[in-house]
Amino acid sequence: FTDIPDAMARINLGPDGMPAMNGTAEYYVVVNIPRSATPENPARPIQYGHGLLGDRYQANAGWLAEFGNENGFMPFGVDWKGMAFDDVAPITIALSRAQLDQFATVPERLVQGITNALLAMRLMLTGIGTHEAFQVDGMSVVDTSAGFYTGDSQGGIFGGTYMALTTDVERGILGVPGQPYNL
């Protein structure tokens, strides 16, 4: 939904002035398959929303891996485009040069970031278990009966938007969302 898939992207608007798809792009996802996941005991996907200007690799946190292994969850994460690590430079440049019109890339890329997060969960629930990396002896280790969300800090803030929009997740944790960014 952006004009380019990279930092400094702007929302792609259709002739009606509404956001419009603009081709396809590759975005990365980090998935941690717990040691406890087996075809007989598959793990349920739990998406982790990263903190302020972080990235998908925060889903690799040891505490989250331990939680997943002990409780039958498969943690995964994507970048919150617009407020992820690769947005630090554009945000810094816009603010340091007082070019607030360039700051528009932040909320506009967030549209793509939320879209990516929603699609990542859909992938986890509909197709990823058919990939050999998620199988043991040809059988999936992914429980697709339900998906879950947890996010801390910025992940708690954007998690509210995610939970309001998702049709795939019924339960989520919005950890330490803090205050609005303007404070």
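## Largest pocket

About 420 Å³ of space lies in the largest pocket of this predicted model. A pocket is an open set of points on a 1 Å grid over the protein atoms alone, with protein on both sides within 12 Å along at least five of seven lines. Its volume is the space filled by probe spheres set on the points, which are joined across faces, edges and corners.

The lining of the largest pocket has 21 residues, and A25, Y27, Q112, N116 and L119 lie nearest the centre; lining residues have an atom within 4 Å of a point. The lining divides into 12 nonpolar, 7 polar and 2 charged residues.

## Aromatic pairs

The whole structure holds 5 aromatic pairs, with ring centres within 6.5 Å. The pair F67 and F73 is stacked, because the ring centres are 5.3 Å apart and the planes lie at 10° (stacked means planes under 30 degrees apart). F73 is buried at 10% relative accessible area, whereas F67 is partly exposed at 32% (buried is under 20%, exposed over 50%, partly exposed in between, with a 1.4 Å probe and protein chains only).

Ring pairs also bring F148 into a cluster with F67 and F73. The charged end of R44 sits over the ring of F73, 4.2 Å from its centre (CZ of Arg within 6 Å of the ring centre and within 35 degrees of the ring normal).

## Strands 2 and 3

Strand 2 pairs with strand 3 (residues 73-77) in the parallel sense over 4 bridges; pairing requires at least two DSSP bridges. Strands are DSSP runs (E, at least two residues) numbered from the N terminus. Q47 has F76 as its bridge partner in strand 3.

## Basis

Residues are numbered from 1 along each chain as its sequence is written, and side-chain values use heavy atoms, without hydrogens and water. Local features need pLDDT of at least 70 and side-chain atom pairs count only at pLDDT 80 or more, while totals for chains, interfaces and linings use all residues.

Terms used: Rings of Phe, Tyr and Trp (its six-membered ring) pair if their centres lie within 6.5 Å; planes under 30 degrees apart count as stacked, over 60 as edge-to-face and the rest as tilted. On a 1 Å grid over the protein atoms alone, a cavity is a set of points where a 1.4 Å probe fits but cannot get out, and a pocket is an open set with protein on both sides within 12 Å along at least five of seven lines; lining residues have an atom within 4 Å of a point. Ala, Val, Leu, Ile, Met, Phe, Trp, Tyr, Cys and Pro count as nonpolar, Asp, Glu, Lys and Arg as charged, and the others, Gly among them, as polar.
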